[in-house]
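Please look through the following briefing on side-chain contacts, aromatic pairs and salt bridges. The sequence and the structure come before the notes.

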Amino acid sequence: MSEFWLISAPGDKENLQALERMNIVTSKSNLSHNTKFAIPDFKVGTLDSLVGLSDELGKLDTFAESLIKRMAQSVVEVMEDSKGKVHENLLANGGLKEKMKCLKIDLTSFVTHFEWDMAKYPAKQPLVIVVDTLAKQLAQIETDLKSRTAAYSVLKANLENLEKKSTGNLFTRTLSDIVSKEDFVLDSEYLITLLVIVPKSSYVQWQKTYESLSDMVVPRSTKLIAEDNEGGLFTVTLFRKVIEDFKVKAKENKFIVREFYYDEKEIKREREEMTRLLSDKKQQYGPLLRWLKVNFSEAFIAWIHIKALRVFVESVLRYGLPVNFQAVLLQPHKKSATKRLREVLNSVFRHLDEVAAASILDASVEIPGLQLSTQDYFPYVYFQIDLSLLD
């Protein structure tokens, strides 16, 4: 599973024994893989400041998770032709051992081997400064993400619009890549070449009748120049003065005159625009993907640091001073085991909050008028880390 449970319990002898019991039960029942989650000794400050930080960190946690999901989705959109390789680009930078800081590692390994980055977020600073550093970093990444992806999206949309024009049916698609100069009578004061869409079932009728649909149609002037599933595009040459009459008569016979007049400059401009957009997209692809990879990693690492801060702050608020708690990371083995795993945790740590544990273990009991969700509160500190970023 790509879901983790980050929990903490007081670090006294009784609760360390409870943690050990939890490890034994979850291991024997194959419920989860458990590892210690190292959190530095932060400057605590006042309890009032911790209460404010708790609220701020909750909002920052939600923002960070939303940001990395948006970045992951941006990688999917940019790698439209290589979607099978998306996860190869959603990695975290370093985190296993000091000598491996330069390596990219998968997200699960980063979480299970988490080490606080002392260089980037000095633990000796006041907590409010550490949180502010993280918030500013993520806000800057979001600002850059918006501007970079917006420019790429506009370019991609313009290109898609042009591509649609070249792949639609004969009624709507651009004709610049179909017609040629030789298909038309050009620069004539009296004659003009029209393009007519004829249903496939009416080809024979067209050949028999087009010359008589109006006066002044040039005999044997029709030619089939393109087809799609529904019909064909035919040329026909006639005198300019009978254009409107010809259109009316053609429509009566279910032949549709396509409004198109050959303009060499316009056709050249359209072809050059497609070439330019393709070139611009190719030029932007590499730099944008590199930026997304680097900054996804930065945002993800910041997010896990926020989780660590939340565990610290909530543990101090829940268990009191002096700071003494143990954080553990649990990875449930499968979705079907989560209910049983929750029951084990609530049983092992029931003594921390008898009321909360009882209400959770008997969650089927509904209290009329009570809106509080007991699923959000447990006898122990609990936060979820869900790495299903593309679901």
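Which residues does Leu 107 touch, not counting residues up to four places away in sequence? Leu 107 touches Leu 90, Leu 91, Ala 92, Phe 296, Phe 300, Leu 387 and Leu 389, where contact means heavy atoms within 4.5 Å. This is a predicted model, in which local features need pLDDT of at least 70 and side-chain atom pairs count only at pLDDT 80 or more, whereas totals for chains, interfaces and linings use all residues. Residues are numbered from 1 along each chain as its sequence is written, and side-chain values use heavy atoms, with hydrogens and water left out.

- Leu 107 lies in helix α3; helices (H or I, at least four residues) and strands (E, at least two) are DSSP runs, numbered from the N terminus.
- With a relative accessibility of 10%, Leu 107 counts as buried, a term that stands for under 20% relative accessible area, while exposed means over 50% and partly exposed lies in between (1.4 Å probe, protein chains only).
- Although Leu 107 and Leu 387 are 280 residues apart along the chain, their C-alpha atoms are separated by 7.6 Å.

**Aromatic pairs and charges over rings**

- Rings of Phe, Tyr and Trp (its six-membered ring) pair if their centres lie within 6.5 Å, and planes under 30 degrees apart count as stacked, over 60 as edge-to-face and the rest as tilted; by this rule the count comes to 20 aromatic pairs.
- One of them is the edge-to-face pair of Phe 110 and Phe 300, with 5.9 Å centre to centre and 65° between the planes.
- Phe 110 belongs to helix α3 (residues 107-112) and Phe 300 to helix α7 (residues 264-319), so this pair ties together parts that are 190 residues apart in sequence.
- Phe 110 and Phe 300 are buried.
- For Trp 206 and Phe 255 the ring centres are 5.2 Å apart and the planes stand at 85°, so this pair is also edge-to-face.
- Trp 206 sits in helix α5 (residues 203-209) and Phe 255 in the loop between α6 (243-252) and β8 (256-258), so the pair ties together parts that are 49 residues apart in sequence; Trp 206 and Phe 255 are both buried.
- Ring pairs also link a cluster whose members include Phe 37, Phe 42, Phe 110, Phe 114, Trp 116, Phe 296 and Phe 300.
- Arg 342 lies over the face of Trp 5, at 4.0 Å from the ring centre, and Arg 342 also lies over the face of Tyr 382, at 4.2 Å from the ring centre; a charge sits over a ring if NZ of Lys or CZ of Arg is within 6 Å of the ring centre and within 35 degrees of the ring normal.

**Helix α6**

- The buried residues of α6 are Ile 243, Phe 246, Lys 247 and Ala 250.
- Seen down the axis of α6, these buried residues fall within an arc of 100°, so they line one face of the helix; the arc is that of the directions from the helix axis to the C-beta atoms.
- The buried residues of α6 pack against β5 (191-199), α5, β7 (231-239) and β8, whereas Glu 244 and Glu 252, on the other side of α6, are exposed.
- After α6 comes Lys 254, whose phi is positive, near 65°.

**Salt bridges**

- A search of the whole structure finds 18 salt bridges, each being a side-chain nitrogen of Lys or Arg within 4 Å of a carboxyl oxygen of Asp or Glu.
- Lys 59 forms a salt bridge with Asp 55, with the closest N and O atoms 3.5 Å apart, and the two residues, four apart in helix α2 (residues 47-78), are separated by about one helical turn.
- Lys 59 counts as exposed at 57% relative accessibility, while Asp 55 counts as partly exposed at 47%.
- Lys 69 and Glu 65 meet in a salt bridge (3.5 Å, N to O), and both lie in helix α2, four residues apart, about one turn of the helix.
- In helix α7, Glu 266 and Arg 269 are three residues apart, about one turn of the helix, and they form a salt bridge whose closest N and O atoms are 2.9 Å apart.
- Glu 266 is partly exposed, with a relative accessible area of 37%, and Arg 269 is partly exposed as well, with 42%.
- Salt bridges that share partners join Asp 61, Lys 307 and Arg 310 into one network.
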